[in-house]
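This report walks through a protein chain one feature at a time, beginning with a single residue and ending with a pocket. Please keep the sequence and the structure in view while reading.

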Amino acid sequence: MKIKCIIVEDEPIALERTQGFVEKLPFLDLVASFDNAIEAITYLKSEQVDLIFLDIEMEELTGIELLESTTISAQVIITTAYDQYALKGYELNVVDYLLKPFSFERFLKAVDKVQLHAPSPSVKDFIFIKTANRLEKVMINDIIRIEGMGEYRRIFTTEKQIMTLQTFTELEQSFAPEVVCRVHKSHMVALNKIDAVERNRIKIGSNLIPISETYKNTFINLINPNS
């Protein structure tokens with residue numbers, strides 16, 4: 001199976017180098033290259049790819065701004081000359097972070113991580129949640145529900161509770177809606193943890209979570225598509 005990829009890179013020499021590395025690997029299929037993030041976003045709205053080699057420091061829109069402003073289903077390998085974005089990159093669940101000038105050996109190690117997930121590139125079984133002083137790994141299947149508490153979001157898992165300042169919008173981008181779904185302005189629930197739905201409330205254990213009109217139709221269609 002070939003991995004469809006694009007390169008987003010505004011430095012001609014770096015672009016040529018990455019293209020050369022891609023061409024050495026027969027399982028990579030380079031379908032397009034862009035020298036700015038805006039053209040890449042336009043392309044991704046109509047085309048599906050598996051992997052993006054993404055530079056950070058670009059004019060008009062940076063690679064980080066691209067990841068923060070657009071829902072990307074493809075896996076991402078960051079390629080940059082700047083190491084100060086590494087933490088931010090991993091917050092955004094990138095596959096790897098390559099510092100220029102990187103060798104072909106280092107490039108291959110990054111791409112090998114993609115190969116392991118190539119059949120379903122948009123599916124991950126964990127996320128990293130930003131807490132007060134670290135990034136905490138959370139297995140998606142352990143999540144029970146998420147509740148808004150003022151500026152914070154409390155994530156209830158089978159093992160623990162985690163407080164984060166990440167917004168609901170940011171958290172929604174981390175999950176497929178059929179796995180963890182927004183049901184209220186202050187609540188998200190894991191569909192496989194629901195015990196019952198009664199009137200406009202969801203029962204999970206001893207907890208009753210309200211369903212608002214804004215999210216009701218989407219939620220009902222997810223749990224009962226034939227309704």
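## An exposed residue in a turn

Arg 199 has a relative accessible area of 80% and is therefore exposed, since that term is used for values over 50%. The structure examined here is a predicted model, and in it Arg 199 is placed in the loop between E13 and E14. Its backbone is worth a look as well, because most residues other than glycine have a negative phi. Arg 199, although not a glycine, has a positive phi of about 55°.

## The chain as a whole

Stepping back, the chain has 7 helices and 15 strands. Its C-alpha atoms fill a box of roughly 60 × 40 × 30 Å, taken along the principal axes, and 42% of the 227 residues count as buried.

## A sheet of five strands

An open sheet is formed by 5 strands in the order E10-E9-E8-E12-E11, and their pairing is antiparallel. E10 and strand E11 (180-184) stand at the edges with a single partner strand each, so one side of each has no neighbour in the sheet. On average, neighbouring strands of this sheet are turned by 20° against each other, with direction ignored.

Inside this order, strand E8 (residues 143-149) and strand E9 (residues 152-157) pair in the antiparallel sense over 6 bridges, and Glu 147 stands opposite Arg 154 in E9.

Which residues of H2 are buried? Ala 37, Ala 40 and Ile 41 are, and they lie on the same side of H2 because they cover an arc of only 100° around the axis. The face turned away from this buried side carries the exposed residues Thr 42 and Ser 46.

Asp 50 is found in the loop between helix H2 (37-46) and strand E3 (51-54). Although Asp 50 sits in a loop, it counts as buried, because its relative accessibility of 14% falls under the 20% limit. Asp 50 and Ser 73 are 23 residues apart in sequence, while their C-alpha atoms are 7.7 Å apart in space.

## A cis peptide bond

Most peptide bonds are trans. Lys 100 and Pro 101, however, are joined by a cis peptide bond, for which omega is about -10°. Pro 101 lies in the loop between strand E5 (96-99) and helix H5 (104-115).

E6 has a covered face with Ile 127 and Ile 129, and an uncovered face with Phe 126, Phe 128 and Lys 130. It is joined to strand E7 (residues 135-139) by 5 bridges, the two strands running antiparallel, and the bridge partner of Ile 129 in E7 is Glu 136. E6 and E7 form a hairpin with 4 residues between them.

The largest pocket has a volume of about 1100 Å³. It is lined by 40 residues, of which Leu 92, Asn 93, Glu 170, Gln 173 and Ser 174 are the closest to its centre. The residues of this lining divide into 20 nonpolar, 12 polar and 8 charged. Several elements each supply at least two residues of the lining, among them helix H3 (63-69), strand E4 (75-80), helix H4 (86-91) and helix H6 (168-172). Which element gives the most to the lining of the largest pocket? That element is E6, with 4 residues.

Terms used:
Residues numbered from 1 in each chain as written. Predicted model: local features only at pLDDT ≥ 70, side-chain atom pairs only at ≥ 80, totals over all residues. Heavy atoms only, no water. 1 Å grid on protein atoms, 1.4 Å probe; cavity = no way out; pocket = protein on both sides within 12 Å on 5 of 7 lines; lining within 4 Å. Points joined across faces, edges and corners; volume = space filled by probe spheres on them. Nonpolar A, V, L, I, M, F, W, Y, C, P; charged D, E, K, R; others polar. Buried < 20%, exposed > 50% of the residue type's maximum accessible area, 1.4 Å probe, protein only. Pairing = 2+ DSSP bridges. Axes fitted to C-alpha atoms, helices over the stretch in contact; angles between N-to-C directions. Arc of directions from axis to C-beta.
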